[in-house]
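Hi,

Here is the structure I promised to pass on. Please open it beside this email and follow along.

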Amino acid sequence: MAARAKVLSIVLAGGEGKRLMPLTMDRAKPAVPFGGTYRLIDYVLSNLVNAGMRQIAVLTQYKSHSLDRHISLTWRMSTLLGNYVTPVPAQQRLGPRWYQGSADAIFQSMNLINDERPDYVVVFGADNIYRMDVEQMLDAHIAGGLGCTVAAIRVPRSQASDFGVIDAGADAKIDQFLEKPADPPGLPDDPESSFASMGNYIFSTQALIDALTTDAASETSRHDMGGDIIPAFVAGGDAQVYDFSSNEVAGSTDRDRAYWRDVGTIDAYHEAHMDLVSVDPVFNLYNMDWPISTYPVQMPGAKFTLRGLALDSVVSPGCIISGGSIESSVLSPNVRVLESSKVDRSVLLSSVRIGKKAVVRNAILDKNVVVADGAKIGVDRQADLDRGFTISDGGITVVGKGVKVEKS
Ligand code: ADQ
């Protein structure tokens, strides 16, 4: 039997997440809670670990305290056999400066690659919701024999300007890569769809080292993986695409196989939660053949009293719904909803308190928000703006951490 290839995984977790404000006010984007008990980073780490990747460095930067703590508490592994999942804060090894871009983050962490001497380097983003068997992508990378493989998924052309858009031939070799083009090209067999990069890459180690070293010396580069490194591989004829729809994850159906969401904006974050609570969700959190793991919550089961009820919702441990009603919503641990209150199409993060006769609709309430008796959120747009809440383009009201919302 051939020896298994040696792989180092690098998770890019240093983005600021400005478009998720105020949820990213005090935490890095990959530490933003998602799906009740999880954080965004749990999805990529579950995919890597389930696929057998056991040397994983998570490059962190801004506001990384909550992220570092989560990774250390949840993902720490036995160091037997050289296994680890470790947060690597920005080291400023090359001078007193933050990372300039995602490529600079890896360049400044080159010592990890030099120490580990892997055959291949897996570089994945930290803030997308999906399941992927990374080993299948690695096999495709090895079989293709090129320096770089980019995972991609079909998205509606109208949304493709947010992504790197790929034009590849039948042999999977990438002919053109356009990072966030204003007018994304459609696919020959489907003009209203484009092939979008998922921001997940696999590199042959020497090819990556060469590309990063050339990029670091460039004065015009923004030192960005999608903006500079991938286009350089494509220009050199050394990049191939990996079609995510060919990835078969244990226990998944054809439908959830095709599920991938970039939850970088408030609207996308809210929509992805609505996907979770749909009656027959495309993305199935309950597929225990490919578990999404997180820090286990040490709290009693959710309790419903005084005719409190929840329909089409995810209610985490420690919650008490005492006479209130919840519909199409996701509740993180330790939330309270009291008598005659209504929560609809909303995401409540941990320890939110909702008093009596309150209404919360189309809203995201960050940790520790307290909603007074009779207060309304997401009902009157002007009243929400007047109270300083953020309202997304799609009309979702976001209330920041710890805010006390009075009856207006
Ligand atoms: P974006 O998501 O816009 O596009 P970026 O903001 O660089 O790219 O984020 C990618 C990942 O890198 C995220 O996980 C982020 O947290 C992290 N990151 C960003 N800057 C970093 C830094 N300085 N240090 C460490 N980590 C950093 C990318 C690709 C597109 C692709 C989309 C898919 O550029 O081509 O389509 O991802 O979501």
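How many bridges join strand E26 to E30, and do they run parallel or antiparallel? Two bridges join them, and the strands run parallel. E26 covers residues 370-371. Look there for valine 371, which stands opposite valine 405 in E30. One caution: this is a predicted model.

Now the sheet around that pair. It is open and has six strands. Their order is E14-E17-E20-E23-E26-E30, with parallel pairing. Strand E14 (303-305) and strand E30 (404-405) are the edges, since each pairs on one side only. As background, strands of a sheet pair through backbone hydrogen bonds.

Next, the ligand. It takes up the space of the largest pocket. Around the ligand are 25 residues. The closest are Leu12, Gly14, Glu179, Lys180 and Ser197. By class, the shell has 10 nonpolar, 10 polar and five charged residues.

Which element gives the largest share of the shell? E11 does, with four residues. Elements that each supply at least two residues include strand E1 (7-13), helix H3 (102-107) and strand E10 (174-179).

- Lysine 180: an N or O atom of its side chain is 2.5 Å from a ligand oxygen.
- Serine 197: a backbone N or O atom lies 2.6 Å from an oxygen of the ligand.
- Alanine 126: a polar backbone atom is 2.9 Å from a ligand oxygen.

The ligand alone exposes 710 Å², and the protein buries 86% of that.

Best wishes

How values were computed: Residues numbered from 1 in each chain as written. Predicted model: local features only at pLDDT ≥ 70, side-chain atom pairs only at ≥ 80, totals over all residues. Heavy atoms only, no water. Near = heavy atom within 4 Å. Polar contact = N/O pair within 3.5 Å; in protein donor to acceptor, adjacent residues only side chain to side chain. Areas by Shrake-Rupley, 256 points an atom, 1.4 Å probe, with all protein chains shown as cover. 1 Å grid on protein atoms, 1.4 Å probe; cavity = no way out; pocket = protein on both sides within 12 Å on 5 of 7 lines; lining within 4 Å. Sits in = over half its atoms within 2 Å of the grid points. Nonpolar A, V, L, I, M, F, W, Y, C, P; charged D, E, K, R; others polar. Pairing = 2+ DSSP bridges.
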